[in-house]
Amino acid sequence: MLRGYCYMLLAERFGDAVITLSAKDDILREQDSEDKVWERAEIDLKEALSYLKDYEVPTSISLQAAQALLARLYLNRGVLTSDAGMVANAGMYASQVLSSSTSLELNPDFQDNFRSGSTGSEVIFCMQEVQSVAYNAYLYSLLSPESYEGRNSGNTWVEPSLATLYNEPDDQRAQLIVKDVYTTGQELDYCVKFPADNNPVWSIVRLAEMHLIVAEVAARSGVIDVSGYNAVRSVRNASLKQNTDFANVDAFLKEIENERRREFAGEGLRWMDMRRFGSMKAHLESKGVDIRRVHFPVYSGERVNNPKLHQTPYYQ
């Protein structure tokens, strides 16, 4: 399962990547295509289903963790390739997680999901760093929406378009967005969602995502069903909606995108969400970036180690 997850990350972030299945494989060669990397991730995750046991604790891999990652993979890949069958598979795997006879349930204490030693059962799978000093550079370098402008460990600056989405004071998630003054005197919004623990916990996939995937899959097939959307909002103390509150499917899909921004800020899902919902082009244009740059460039040091690697398109 872990190898499949890693190849999914490589496909999302770099597109093309060298696929290796054993220590004997030649790694000093050109990358495999993005399609093959996605296929490898799918194969590994599906093969894992036969070997994994049901969820017990989030720090161990489980059947539900593999199903949840497959749901995410099929949704992203299905929408980007206009493959309705993959999108349907996303809904199937997410529903399997939600209907499993495990202790998984949405956590009424939102920030507890990100604490070391959490007693909740919403996080399906997470990775925990074991170290003696609080260290959140991973979050700052990979998940922050722009360059790091926080002042202390645990504080990450968020852009105004995200901060304005937290418009209900009773919503638990809004309480983790605080205003503070940066060293320049500028007032900024900070996300304090991730505690500066000595052994930070990084959530890989949570139950809330499965509810929103089921809602999105239904919407992409033309059905407005707010039940999964409301399940998440109810436990966060946010207002609930009726199906009739949305003029059409497109309006509901836009609200699902916004809800995912509120729910998963800083968890590494936003880039693929922007690609899937069609928000990426406007975002890149607003930053003055070539809209064709949908992947990271290959680090120059990697190309020194392996001269056969080609640079990511549009970074040459």
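This is a predicted model: local features need pLDDT of at least 70, side-chain atom pairs count only at pLDDT 80 or more; totals for chains, interfaces and linings use all residues.
Set aside its neighbours within four places in sequence, and Phe252 is in contact with Ala215, Ala219, Ile224, Asp225, Val226, Tyr229 and Phe246. Show those side chains together with Phe252.

**The cores**

Phe252 is also one of the residues with the most contacts inside the largest nonpolar core. In general, nonpolar side chains tend to be buried together in soluble globular proteins.

**Helix α3**

Next, select α3, residues 63-80. How many of its 18 residues are buried? The count is 17, and α3 is mostly covered. Now check its length. At 1.5 Å a residue, its 18 residues should span 26 Å. The end C-alpha atoms are 26 Å apart, so the two values agree.

**Ser82**

Step past the end of α3 to Ser82, which follows the helix. Ser82 sits in the loop between α3 and α4. Look at its backbone: phi is near 55°, a positive value in a residue other than glycine. Is Ser82 buried or exposed? Its relative accessibility is 68%, so Ser82 counts as exposed, because the cut-off for exposed is over 50%.

**Ile204**

Go to strand β5, residues 201-206, and pick Ile204. Ile204 is buried, with a relative accessible area of 10%. That value falls in the buried class because buried means under 20%. What does Ile204 touch, leaving aside its neighbours within four places in sequence? The contacts are Tyr5, Leu69, Arg72, Phe125, Cys126 and Met127. Draw a line from Ile204 to Leu69, C-alpha to C-alpha. The two are 135 residues apart in sequence and 8.9 Å apart in space.

Now show α2, residues 34-48. This helix has 15 residues. From first C-alpha to last, α2 reaches 21 Å, close to the 21 Å expected at 1.5 Å a residue. Highlight its buried residues: Glu34, Val37, Trp38, Arg40, Ala41, Glu42, Asp44, Leu45 and Ala48. Residues three or four places apart in an α-helix point the same way, because there are 3.6 residues a turn. Which helices do the buried residues of α2 pack against? They are α1 (2-14), α3 (63-80), α4 (84-98) and α10 (270-277).

Keep α1 and α2 on screen. Their axes come within 8 Å and cross at roughly 155°. The two helices are therefore roughly antiparallel to each other, since angles over 145 degrees count that way. The crossing of α1 past α2 is left-handed. From α1 come Arg3, Gly4, Tyr5, Tyr7, Met8, Leu10, Ala11 and Glu12. From α2 come Glu34, Val37, Trp38, Arg40, Ala41, Asp44 and Leu45. Tyr5 is also in contact with Ile204.

**Last stop: Tyr314**

Finish with Tyr314, in the segment after α12 (300-305). Its phi is positive, about 75°, although Tyr314 is not a glycine. Tyr314 is partly exposed, with a relative accessible area of 39%.

Terms used: Residues are numbered from 1 along each chain as its sequence is written. Side-chain values use heavy atoms; hydrogens and water are left out. Helices (H or I, at least four residues) and strands (E, at least two) are DSSP runs, numbered from the N terminus. The expected span of a helix is 1.5 Å times one less than its number of residues. Buried means under 20% relative accessible area, exposed over 50%, partly exposed in between (1.4 Å probe, protein chains only). Contact means heavy atoms within 4.5 Å. A nonpolar core is a set of buried Ala, Val, Leu, Ile, Met, Phe, Trp, Tyr and Cys residues joined through side-chain atoms within 4.5 Å. Axes are lines fitted to C-alpha atoms, for helices over the stretch in contact, and angles run from 0 to 180 degrees between N-to-C directions. Angles under 35 degrees count as roughly parallel, over 145 as roughly antiparallel, 65 to 115 as roughly perpendicular and the rest as oblique. A crossing is left-handed if the near helix is turned anticlockwise from the far one by less than a right angle, and right-handed if clockwise.
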